[in-house]
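Below are a few notes for a colleague who is opening this entry for the first time. Please read them with the structure in view.

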Amino acid sequence: MNSDAPASEWPLFGQAEARVLEHQRKLHRWARTEPARRFDDVFNLVCDRATLMHAWERVAGNKGSMTAGVDSVTRFAVTRDDGLVPFLENLRSSLRDGSFSPLPVRQTTIPKKGGKVRYLGIPTLRDRVAQMALKLVLEPIFESDFYPSSYGYRPGRRAQDAITEIHHFTRRPSTYEWGHRGRHQGLLRQRRPPGAHGPGARTHRR
């Protein structure tokens, strides 16, 4: 399934998106119709120029692309200095030869009610593109394992959709009579890294 472009040729944004969508449809179809299938070629798809180009487009389109990680590189810095293609080519080469290593995550805090704070880790832009490339390839495979009633952190689904379904099943003519409410406080909260309790704790390794 390796359909990477010829050497030194990077697709345009629209071309990259179309190619990635084609890959995703095939991966999802195979995962759904062949549950025991072993996916052996996913790494080549992650390194595919179309995947990396579309990953960049997704990351750069996020407001967070204006916030730099520990390397102080933002979206504007990439396009202003070395250029997008050299940036992506360097990332692709490091992934393919195994030299890629994520940089420390810049840690900041967001105030919450009651004087509490929420810890937020900000990866570098390069690491975010690599993460997005992995997501683009792995998501359509694992999506086939989710139940239709699962709404958390899935593409095209929101918490509001889950609330709408609850309303649907708790109103007539629905025959559901019982509901269960559960709360998992701090379920997704990450453990604070060692030494990150003081004001000087700015970064930690993933």
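1. In this predicted model, helix α5 (residues 84-97) packs against helix α6 (residues 125-142) at an angle of about 65 degrees. Their axes are 11 Å apart, and the crossing of α5 and α6 is right-handed. The angle between the axes and the distance between them are how two packed helices are described.

2. Which residues make the contact between these helices? From α5 come Phe87, Leu88 and Leu91; α6 supplies Leu125, Arg126, Val129 and Ala130. By class, the residues of this contact of α5 with α6 divide into six nonpolar and one charged, with no polar residue.

3. Ser72 deserves a look at its backbone. Its phi is near 65 degrees, a positive value in a residue other than glycine. Most residues other than glycine have a negative phi. Ser72 lies in the loop between α3 (49-60) and α4 (75-80). Is Ser72 buried or exposed? Its relative accessible area is 59%, and exposed means over 50%, so Ser72 counts as exposed.

4. Asp48 also belongs to a loop, the one between α2 (42-46) and α3. Asp48 has 0% relative accessibility, and the cut-off for buried is under 20%, so Asp48 counts as buried.

5. What lies 2.7 Å from a polar atom of the side chain of Asp48? It is the backbone nitrogen of Ala50. When inspecting the loop between α2 and α3, which holds Asp48, view this pair of atoms together with the 0% accessibility of Asp48.

How values were computed: Residues are numbered from 1 along each chain as its sequence is written. This is a predicted model: local features need pLDDT of at least 70, side-chain atom pairs count only at pLDDT 80 or more; totals for chains, interfaces and linings use all residues. Side-chain values use heavy atoms; hydrogens and water are left out. Axes are lines fitted to C-alpha atoms, for helices over the stretch in contact, and angles run from 0 to 180 degrees between N-to-C directions. Helices (H or I, at least four residues) and strands (E, at least two) are DSSP runs, numbered from the N terminus. A crossing is left-handed if the near helix is turned anticlockwise from the far one by less than a right angle, and right-handed if clockwise. Contact means heavy atoms within 4.5 Å. Ala, Val, Leu, Ile, Met, Phe, Trp, Tyr, Cys and Pro count as nonpolar, Asp, Glu, Lys and Arg as charged, and the others, Gly among them, as polar. Buried means under 20% relative accessible area, exposed over 50%, partly exposed in between (1.4 Å probe, protein chains only). A polar contact is a pair of N or O atoms within 3.5 Å; within protein, one must be able to donate a hydrogen and the other to accept it, and residues adjacent in sequence count only if both atoms are side-chain atoms.
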